[in-house]
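Visitor: Hi, could you walk me through this one? I'd like to ask things as they come up.
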Amino acid sequence: MGDSKVKVAVRIRPMNRRETDLHTKCVVDVDANKVILNPVNTNLSKGDARGQPKVFAYDHCFWSMDESVKEKYAGQDIVFKCLGENILQNAFDGYNACIFAYGQTGSGKSYTMMGTADQPGLIPRLCSGLFERTQKEENEEQSFKVEVSYMEIYNEKVRDLLDPKGSRQTLKVREHSVLGPYVDGLSKLAVTSYKDIESLMSEGNKSRTVAATNMNEESSRSHAVFKITLTHTLYDVKSGTSGEKVGKLSLVDLAGSERATKTGAAGDRLKEGSNINKSLTTLGLVISALADQSAGKNKNKFVPYRDSVLTWLLKDSLGGNSKTAMVATVSPAADNYDETLSTLRYADRAKHIVNHAVVNEDPNARIIRDLREEVEKLREQLTKAEAMKSPELKDRLEESEKLIQEMTVTWEEKLRKTEEIAQERQKQLESLGISLQSSGIKVGDDKCFLVNLNADPALNELLVYYLKEHTLIGSANSQDIQLCGMGILPEHCIIDITSEGQVMLTPQKNTRTFVNGSSVSSPIQLHHGDRILWGNNHFFRLNLPKKKKKKKKK
Amino acid sequence: MANVPWAEVCEKFQAALALSRVELHKNPEKEPYKSKYSARALLEEVKALLGPAPEDEDERPEAEDGPGAGDHALGLPAEVVEPEGPVAQRAVRLAVIEFHLGVNHIDTEELSAGEEHLVKCLRLLRRYRLSHDCISLCIQAQRQGFTMLPRPQVIRLRWPPKVLGLQNNLGILWSEREEIETAQAYLESSEALYNQYMKEVGSPPLDPTERFLPEEEKLTEQERSKRFEKVYTHNLYYLAQVYQHLEMFEKAAHYCHSTLKRQLEHNAYHPIEWAINAATLSQFYINKLCFMEARHCLSAANVIFGQTGKISATEDTPEAEGEVPELYHQRKGEIARCWIKYCLTLMQNAQLSMQDNIGELDLDKQSELRALRKKELDEEESIRKKAVQFGTGELCDAISAVEEKVSYLRPLDFEEARELFLLGQHYVFEAKEFFQIDGYVTDHIEVVQDHSALFKVLAFFETDMERRCKMHKRRIAMLEPLTVDLNPQYYLLVNRQIQFEIAHAYYDMMDLKVAIADRLRDPDSHIVKKINNLNKSALKYYQLFLDSLRDPNKVFPEHIGEDVLRPAMLAKFRVARLYGKIITADPKKELENLATSLEHYKFIVDYCEKHPEAAQEIEVELELSKEMVSLLPTKMERFRTKMALT
């Protein structure tokens with residue numbers, strides 16, 4: 001899906017008149033989403049890399065060389081459909097969107113972005129789409145506000161191109177935890193139509209040119225950022241409250257690829273002569289690149305960047321759930337081969353920009369080991385229970401399963417019912433002096449009690465019966481510990497605790513009572529840990545307070 | 001030479017030089033190379049005035065033209081030959097002109113013509129390469145081999161890799177390797193030439209431009225030396241870049257290091273700029289685990305940075321844009337951040353080599369490393385000797401003084417780790433002075449995350465579980481407030497990172513408390529409550545992380561993006577586990593928790609079934625989830641029976 005990825009498109013302009021007149025060779029072609037750059041000079045030796053065609057794949061390739069080749073030609077409408085629509089939607093959803101344009105002067109960059117009066121480009125289409133929708137959707141429940149700003153980034157400095165005072169003051173880029181990245185003091189002007197935007201843009205461009213001339217700078221070496229902020233206010237008529245969604249649309253004209261190289265401004269290219277004093281200033285770039293590559297995926301490095309403003313700019317565009325598109329424009333002419341190749345490479349690298357949302361994972365080893373142990377335990381319990389289960393237990397399990405299947409109640413209801421039953425049961429048990437034992441609950445140390453034994457480990461030692469001074473055991477309602485089932489008589493047995501703390505068991509006549517495996521028919525003193533069987537399958541163990549018993553939480 | 005109008009020649013040459021120094025943007029927009037072309041015309045005139053090149057009396061060049069083809073100039077000459085006599089003098093003068101013509105053509109993008117001129121220049125000089133008169137020119141001409149690389153090879157770094165995580169920024173040039181190697185050959189030859197010259201001659205050579213200067217304007221020895229050394233420094237720097245292109249990164253780093261060293265030696269640096277470069281270079285070294293070199297760079301960075309304002313910038317340094325206080329403080333903060341990474345990486349590296357398979361201290365490994373320590377100390381001197389050392393005398397002492405305060409060896413116990421931790425923490429505070437949350441949100445958070453990471457790795461060395469718990473608590477205390485105000489519209493990714501990290505920290509604390517409870521004779525309800533609270537908090541933050549994946553309509557995506565797939569699955573897995581670990585006396589609650597746990601395990605299994613590509617991201621976790629999905633229902637069933645039974 002590549003949601004977080006930058007969508008990269010390349011567009012090829014038609015030959016211009018001069019090129020056509022000179023019969024300049026065309027070296028670029030498009031095949032589906034691939035751009036093929038053919039060698040200029042076919043006479044090069046076979047081994048020479050310059051003699052081989054180069055192929056680059058992108059998200060979109062727009063072949064706009066000849067309008068008459070209808071099936072191949074990508075016009076302004078197609079470019080907008082592929083790149084603009086999605087981005088517009090995103091702005092309305094309250095997210096950020098950004099389009100970067102990159103390409104040598106004369107490669108059709110402004111045609112793609114601005115277009116002409118009858119062939120409008122991306123920016124006018126985006127804007128008219130924006131205003132069309134805001135006007136259509138505006139009502140008492142929602143309103144829209146559109147503001148624009150226009151700035152230029154040159155040599156790490158930010159200038160406001162819409163500053164009414166026309167001051168050349170450089171502004172600072174900042175970040176705010178709630179408002180995000182912002183430019184301190186940048187003017188934001190409210191607009192109501194594309195016309196407003198158009199005139200502001202052309203004003204800004206004028207100011208850009210003037211500044212460049214005054215400062216002896218080249219406009220092609222500066223990035224220009226036109227930002228549209230869409231504030232969508234929703235009113236809740238009933239409650240009288242309102243909420244806001246803010247989406248930002250950035251249109252970035254990246255510094256040109258051509259003259260920057262020629263002047264060596266980009267850094268890696270070092271010059272002699274007049275620049276000799278400055279040439280080593282690029283040492284920092286080289287060292288940064290080295291430090292950068294050394295770490296690979298490892299995040300453990302800090303590389304102070306020199307072009308922090310561009311970093312900042314990209315942060316704004318790549319930070320959240322934003323959509324980012326980049327459109328690179330190239331010329332098909334052979335004499336632009338070098339520029340075209342470098343633009344295609346640049347775009348190729350942009351393609352690989354994925355915002356790894358890298359979270360620092362902790363090694364999972366411990367939790368895995370932990371869970372493995374539990375899985376083992378569960379498995380063991382399961383197999384044990386299966387091997388040892390009595391027919392009765394199996395029946396009961398099946399029965400309850402049937403019951404559950406028959407119940408067509410929802411899970412929540414089921415849980416609620418379970419809870420009700422459990423509560424009822426607990427009340428009942430409490431009245432009988434029985435406490436329900438569950439893992440993690442410690443039994444009072446100072447009490448004498450019986451605890452149930454069961455072949456199924458999951459059912460074992462779950463029930464606790466506290467013993468009073470005189471405890472009656474049997475199936476009748478009058479008994480203190482009520483048991484039912486095979487072999488239990490209404491009055492089955494009595495357990496007494498003497499004043500010295502001795503525990504005496506007295507079976508009723510003709511009852512099935514076993515202590516530690518031997519049948520008992522007359523009173524007998526019990527000791528801590530003695531096993532008692534009443535009837536056919538009521539096993540218990542006696543616990544006396546002398547020894548503390550610890551139950552650990554798992 | 002009587003027939004050569006010498007004054008005219010000199011005048012024209014100076015004019016040409018002046019023209020070629022005109023900055024390009026001063027030219028008309030449509031003719032960016034106007035000044036260069038005028039300079040070229042003048043140079044051609046001078047060349048004509050000087051007359052034809054002298055016949056190369058002895059061997060004609062045996063090899064064809066072209067820098068790669070001929071073996072001319074690249075081998076070292078056997079002896080020093082001074083250009084004597086008018087013929088030789090004229091050859092050298094012509095060579096200077098050819099050199100400038102070559103540079104001129106390269107500047108105007110006519111690479112092959114430029115190449116021709118340079119080759120001519122080198123041919124004219126070939127006999128006198130090592131001479132006092134010609135060495136500098138020769139090296140400069142050869143160095144042009146570097147600028148002659150086809151332009152696409154000189155890759156610009158426009159997308160800041162910090163944001164983009166690009167790797168291998170410069171390594172995409174395999175196809176053109178051959179040409180880089182040509183440049184390399186030229187530059188290496190120049191390096192060798194320099195070394196030989198310094199050994200055999202040593203006196204500062206003539207600067208090429210002097211040839212067309214009147215006698216009285218000739219340069220002083222000192223100036224000559226300065227220019228010549230500068231030429232060589234650049235040569236080293238170009239080699240650094242060539243090695244980088246060739247992906248010989250260690251060598252590239254070595255040459256950058258040497259370039260920095262020469263800048264110090266020749267007092268040709270700006271303190272802030274130099275310091276930040278040295279500090280950045282340390283980041284290369286820490287990732288190569290060369291901690292001694294990293295420490296050296298960082299210590300030198302501190303010392304040189306301290307010179308800011310004390311030493312007036314020399315004329316060789318770029319304009320003092322660094323005098324702005326803001327930049328000063330920024331760089332200070334950045335150097336501090338480089339130090340933090342040093343401390344952190346060294347500690348983490350120690351942890352890696354001493355932990356067992358579940359991330360606990362392995363005592364055997366620890367004693368093994370202790371035994372190794374002696375050997376490491378023995379080798380210290382030899383490693384130091386191999387490394388490039390900055391500065392001499394006082395400067396060297398000052399750097400050593402910084403170095404002595406911090407270890408470059410992996411910490412082996414808590415005490416040693418604590419030393420590094422404290423240093424790292426000191427730099428955290430220093431970095432935070434500049435990178436405040438207000439204005440530098442992302443940077444500030446990164447520093448805090450490093451601080452948290454320092455605590456985390458320190459906790460590894462701590463044996464007392466209660467104290468370890470406290471360290472994690474400190475981490476949470478510093479991270480939690482960050483998330484409160486962070487607008488996810490802009491800081492989605494960093495928000496996720498923090499949520500994940502806080503969740504992990506709570507999980508670790510819970511594990512520790514369980515272990516502590518395990519050891520207690522009488523675990524009371526108090527500790528149970530604590531464990532459950534930690535569990536709940538961990539759950540909350542994993543849930544926040546998972547919620548951040550929802551689309552604008554709050555729907556959890558059908559398909560999770562590949563960048564968050566693994567974290568999302570891990571979060572689900574941990575959530576499932578956490579529900580299974582809640583301690584409750586209430587069987588109904590217990591059953592509920594088991595059901596929720598099952599639900600999350602099921603999510604993982606179902607998702608991987610639908611999206612097979614997800615399975616390979618979390619193999620082990622998936623296998624265990626499948627087990628749990630098959631076992632948990634039985635457990636729950638039994639639990640229900642148990643409840644019904646009573």
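Predicted model: local features only at pLDDT ≥ 70, side-chain atom pairs only at ≥ 80, totals over all residues.

Visitor: OK, how many helices and strands are in chain A?
Guide: Chain A has twelve helices and 26 strands. Helices here are DSSP runs of H or I with at least four residues, strands are runs of E with at least two, and both are numbered from the N terminus.

Visitor: And how many helices and strands has chain B?
Guide: Chain B has 23 helices and zero strands.

Visitor: What share of each chain is buried?
Guide: In chain A, 49% of the 554 residues count as buried. For chain B, buried residues make up 58% of 646. Buried means under 20% relative accessible area, exposed means over 50%, and partly exposed is in between, using a 1.4 Å probe and protein chains only.

Visitor: What about contacts between residues at least 24 apart in chain B?
Guide: They make up 75% of the chain B contacts between residues at least 6 apart in sequence. In chain A, residues 24 or more positions apart account for 59% of the contacts with a separation of 6 or more. Contact means heavy atoms within 4.5 Å.

Visitor: Let's zoom in. Where is His232(A)?
Guide: His232(A) sits in strand β12 of chain A, residues 223-236. With a relative accessible area of 8%, His232(A) is buried.

Visitor: Which side chain does His232(A) have a polar contact with?
Guide: The side chain of Gln142(A), at 2.6 Å. A polar contact is a pair of N or O atoms within 3.5 Å; within protein, one must be able to donate a hydrogen and the other to accept it, and residues adjacent in sequence count only if both atoms are side-chain atoms. Beyond four places in sequence, the contacts of His232(A) include Phe92(A), Ser143(A), Phe144(A) and Glu244(A).

Visitor: Phe56(A) next. Is that one buried or exposed?
Guide: Phe56(A) is buried, at 8% relative accessible area, and belongs to strand β4, residues 54-57 of chain A. The C-alpha atoms of Phe56(A) and Ala347(A) are separated by 9.1 Å, although the two are 291 residues apart along the chain. Leaving aside neighbours within four places in sequence, Phe56(A) touches Asn33(A), Leu341(A), Leu344(A) and Asp348(A), among others.

Visitor: Now chain B. How do α18(B) and α20(B) pack?
Guide: Helix α18 (residues 488-519) and helix α20 (residues 562-580) of chain B pack at about 30°, with axes 12 Å apart. Axes are lines fitted to C-alpha atoms, for helices over the stretch in contact, and angles run from 0 to 180 degrees between N-to-C directions. The two helices are therefore roughly parallel (angles under 35 degrees count as roughly parallel, over 145 as roughly antiparallel, 65 to 115 as roughly perpendicular and the rest as oblique).

Visitor: What kinds of residues make that contact?
Guide: The residues of the contact of α18(B) with α20(B) divide into eight nonpolar, one polar and three charged. Ala, Val, Leu, Ile, Met, Phe, Trp, Tyr, Cys and Pro count as nonpolar, Asp, Glu, Lys and Arg as charged, and the others, Gly among them, as polar.

Visitor: Last one: what about Ser452(B)?
Guide: Ser452(B) lies in helix α16 of chain B, residues 441-461, and is buried at 0% relative accessible area. Its side chain makes a polar contact of 2.6 Å with that of Glu501(B).

Methods: Residues numbered from 1 in each chain as written. Chains lettered and ligands numbered in written order. Heavy atoms only, no water.
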